[in-house]
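User: I would like to learn how to read the features of a two-chain model. Could we go through them one at a time?
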Amino acid sequence: MSLRLRLVATLGITLALLWGGTAAWSMRDLSTQLEHSLDQRLAQSARMVAGLMDRVPAELWRREAGNMSTIPALEGVACRVSSLRGQVVAGTHPEMNDVLKSDREGYRDREHKGQRWRVYTLVDDDKRITVADRLRERTALLEQVRRAAFYPFLLASVGSLVALWWGVARGLSPLTRLQRRLVSRADGDLSALPMRGLPAEIRPLIDGFNTLLLRTRRVLDMEQRFTDDAAHELRTPLTAIRTHLQVSQRVEGEQRRYALQQAEAGVARLSKTLDQLLLLARMESEAALQDAPQQADFHAALDMAMAESGCRDYCRIDADANLRHVAISDSMLTTVLRNLLENARHHGEPEASIDIHAWASSNGVVIELANRGETIPPERLARLTERFQRGHHARGSGLGLSIVDAITHRAGGSLALESGDGVGLLVRLRLPLA
Amino acid sequence: MRVLLVEDDESVAAGIEAGLALSDFVVDIVTSLDAANGALAVIDYDAVVLDRRLPDGDGLALLQQWRRAGVATPVLILTARDAVASRVEGLQGGADDYLVKPFDLDELTARLQALLRRAVGQADASLRHGALTLDPAARSVTLNGQPVTLVRRELMLLETLMRARGRILSADQLKDSLYGIDDEVESNALNVHIYQLRRKLGREMIETVRGVGYRLATPSGNGTS
């Protein structure tokens with residue numbers, strides 16, 4: 001249900017009920033008041049006749065008794081004066097005996113020839129005065145009064161409904177404009193909606209919407225970057241392989257051997273990138289990495305990692321002896337350390353040593369790995385754990401630190417990077433103890 | 001034909017260089033936008049093969065900069081991004097052609113040759129000069145319909161002269177088209193190649209313009225003896 005319809009319906013029905021109720025109430029009041037004042041006038045006219053009769057000497061009309069004088073009648077009004085014994089002295093409408101014949105004082109309704117009359121009888125000393133109003137005249141009068149009151153009321157109520165419709169439409173026009181703007185946007189348009197000219201009630205809504213748009217834009221950008229990066233990382237070695245293979249078919253001897261060797265190296269690089277990508281994908285899909293409580297021996301894992309990365313000769317280790325209960329699986333810790341060692345070798349000064357420092361702290365184990373090298377500017381440092389972010393060196397898949405980051409976080413640890421003062425990159429891992 | 005290859009991946013660059021050398025292209029490799037800019041300022045390349053993703057930025061940005069500066073050298077862009085939008089972006093950015101990695105070596109060669117052909121406003125794949133015909137793709141030369149055997153550098157020299165269409169080329173320009181930056185060149189190498197060409201095609205085929213350089217002689221009648 002549209003907001004406009006809801007508003008108009010709610011306000012309209014309320015207004016109509018209020019107006020209607022008021023009208024019904026005042027109409028009822030009006031009828032009662034009118035009846036009442038007409039009754040009073042009836043009674044007054046009876047008293048007036050009684051007053052007039054009092055001025056006439058009693059003997060005079062008593063003499064006349066039984067010798068009724070008929071007064072010419074007015075339409076719709078009747079009157080009769082009679083003695084207490086019931087002798088009619090004077091009156092109109094002799095044929096309306098059944099209506100005007102009355103003993104007791106007070107009002108009553110009578111019917112005569114299909115027409116209703118309002119009758120009032122006044123008993124005054126020795127005479128009885130009865131006056132009657134035809135009800136048809138009263139009804140006609142009431143009808144006229146009602147009609148006179150009804151038209152302004154109708155005009156006012158219709159007018160207020162129209163005003164209501166217009167007012168609601170006007171009040172909601174910023175929403176309508178907003179809707180039109182949203183509908184006319186291009187499909188892929190993720191730019192923020194302008195906040196200018198929006199009423200205060202909608203602002204928070206649009207503000208929230210814009211924040212969501214911004215976040216969506218960022219996510220899409222990141223996805224796009226990832227796709228581009230992945231395409232680049234996978235297609236570059238593939239290009240090298242294909243080109244060198246094609247060259248190898250057209251040359252001989254040493255050149256051919258070189259081309260095949262290059263193709264081989266390309267295959268190795270491609271398969272390494274693929275392995276890393278698959279590892280990363282697996283890690284991100286395995287929500288519960290540590291179903292069973294796991295623990296790894298830091299020294300064993302480091303040993304393995306140094307062997308796999310072939311950089312044992314460069315490592316300078318300074319570690320607590322008792323680090324046998326790191327809460328992570330052996331293979332994961334080895335992967336983490338191997339990636340870090342390979343990074344340190346690739347990006348550091350060629351023959352410089354890699355410093356490895358590990359100790360148990362109050363809330364887990366801290367492992368620091370540092371190489372010597374150029375300082376990395378802070379803005380690049382912050383993006384290093386993003387997938388496919390590499391140093392200036394073309395070697396490596398650009399996935400190493402992403403994998404370290406993913407594993408560390410899954411294991412409930414944290415990763416910090418520093419650079420400067422001759423240190424190319426210092427990686428500080430915090431991992432919980434089992 | 002001398003080509004500048006801007007590609008930061010060593011192995012890919014080596015592969016392309018080796019592949020293009022098979023079709024007698026002389027390839028200079030640079031690995032950054034900066035170096036590409038420097039190389040293009042010094043040497044008059046016949047074409048540039050430009051990778052988009054380089055350590056110091058997007059190759060397309062450099063290309064746009066070149067085009068704004070009025071550099072008309074044909075440029076073929078290499079990229080790993082195969083989305084239609086990025087191809088359009090590349091072509092609108094001033095690229096003459098666009099290849100998505102991994103590409104076929106023959107396709108790269110053919111496209112480069114097409115670019116060179118277009119650059120001199122030539123529709124036919126073969127170069128012709130009087131009775132002389134050179135097929136750049138097949139690397140063959142015929143004179144009056146008879147095949148002529150030329151060694152690699154002689155063929156490259158002849159191709160350069162034919163593409164110049166009678167314009168005078170200096171000795172340095174000719175050497176540039178024959179040798180890369182890293183090639184060792186003997187001082188009289190060019191003279192030797194000119195001599196050999198004259199011996200095989202006829203003395204009048206190549207004119208020496210004293211103090212300026214060399215050009216192909218205006219063809220007369222049915223060609224040369």
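**Reading the model**

Analyst: Of the 225 residues of chain B, 39% count as buried. Buried here means that 20 or more other C-beta atoms lie within 10 Å of the residue's own, exposed means 12 or fewer, and partly exposed is in between, with C-beta atoms placed from the backbone. This is a predicted model, in which local features need pLDDT of at least 70 and side-chain atom pairs count only at pLDDT 80 or more, while totals for chains, interfaces and linings use all residues. Residues are numbered from 1 along each chain as its sequence is written, and chains are lettered from A and ligands numbered from 1 in the order in which they are written.

User: How many helices and strands does chain B have?

Analyst: Helices (H or I, at least four residues) and strands (E, at least two) are DSSP runs, numbered from the N terminus. Chain B has 8 helices and 13 strands. As for contacts, two residues are in contact if their C-beta atoms, placed from the backbone, lie within 7 Å. Among the contacts in chain B with a separation of 6 or more, 57% join residues 24 or more positions apart.

User: In what order do the strands of the open sheet in chain B stand, and is the pairing parallel or mixed?

Analyst: Two strands pair if DSSP finds at least two bridges between them. In chain B, 5 strands form an open sheet in the order β2-β1-β3-β6-β7, with parallel pairing. β2 (26-30) and β7 (97-100) of chain B are at the edges with a single partner strand each, so one side of each has no neighbour in the sheet. Axes are lines fitted to C-alpha atoms, for helices over the stretch in contact, and angles run from 0 to 180 degrees between N-to-C directions. With direction ignored, neighbouring strands of this sheet are turned by 20° against each other on average.

User: Which helices pack on this sheet?

Analyst: Helix α3 (residues 59-68) of chain B touches β1, β3 and β6 (75-79) of chain B, and its direction makes about 145° with that of β3(B). Helix α5 (residues 105-119) of chain B lies across β1, β3, β6 and β7 of chain B, at about 175° to β7(B).

User: What are the partners of β1(B)?

Analyst: Strand β1 (residues 2-6) of chain B pairs in the parallel sense with strand β3 (residues 47-51) of chain B over 4 bridges, and with β2(B), also parallel, over 5 bridges. B:Leu5 stands opposite B:Val49 in β3(B) and opposite B:Ile29 in β2(B). B:Val3 stands opposite B:Ala47 in β3(B). β1(B) is mostly covered, with 5 of its 5 residues buried. From β1(B), B:Arg2, B:Leu4 and B:Val6 point one way and B:Val3 and B:Leu5 the other way.

User: Which residues of α2(B) are buried, and which are exposed?

Analyst: In helix α2 (residues 33-42) of chain B, the buried residues include B:Leu33, B:Ala36 and B:Leu40. They cover an arc of only 55° around the axis, which puts them on the same side of α2(B); the arc is that of the directions from the helix axis to the C-beta atoms. The face of α2(B) turned away from its buried side carries the exposed residues B:Gly38, B:Ala41 and B:Val42. The buried residues of α2(B) pack against β1, β2, β4 (53-54), β5 (57-58) and α3 of chain B.

User: How many residues does each chain bring to the contact?

Analyst: Chain A gives 20 residues and chain B 18 residues. On the side of chain A that touches chain B, α6 (203-248) and α7 (253-285) of chain A each supply at least two residues. The largest share of that side, 13 residues, comes from α6(A).

User: Where do the backbone angles need attention?

Analyst: Most residues other than glycine have a negative phi, and most peptide bonds are trans. The peptide bond from B:Lys101 to B:Pro102 is cis, with omega near -5°, and B:Pro102 is found in the loop between β7 and α5 of chain B. A:Lys113 is a residue other than glycine with a positive phi, near 50°, in the loop between β4 (106-112) and β5 (115-124) of chain A. A:Lys113 is exposed, with 8 other C-beta atoms within 10 Å.
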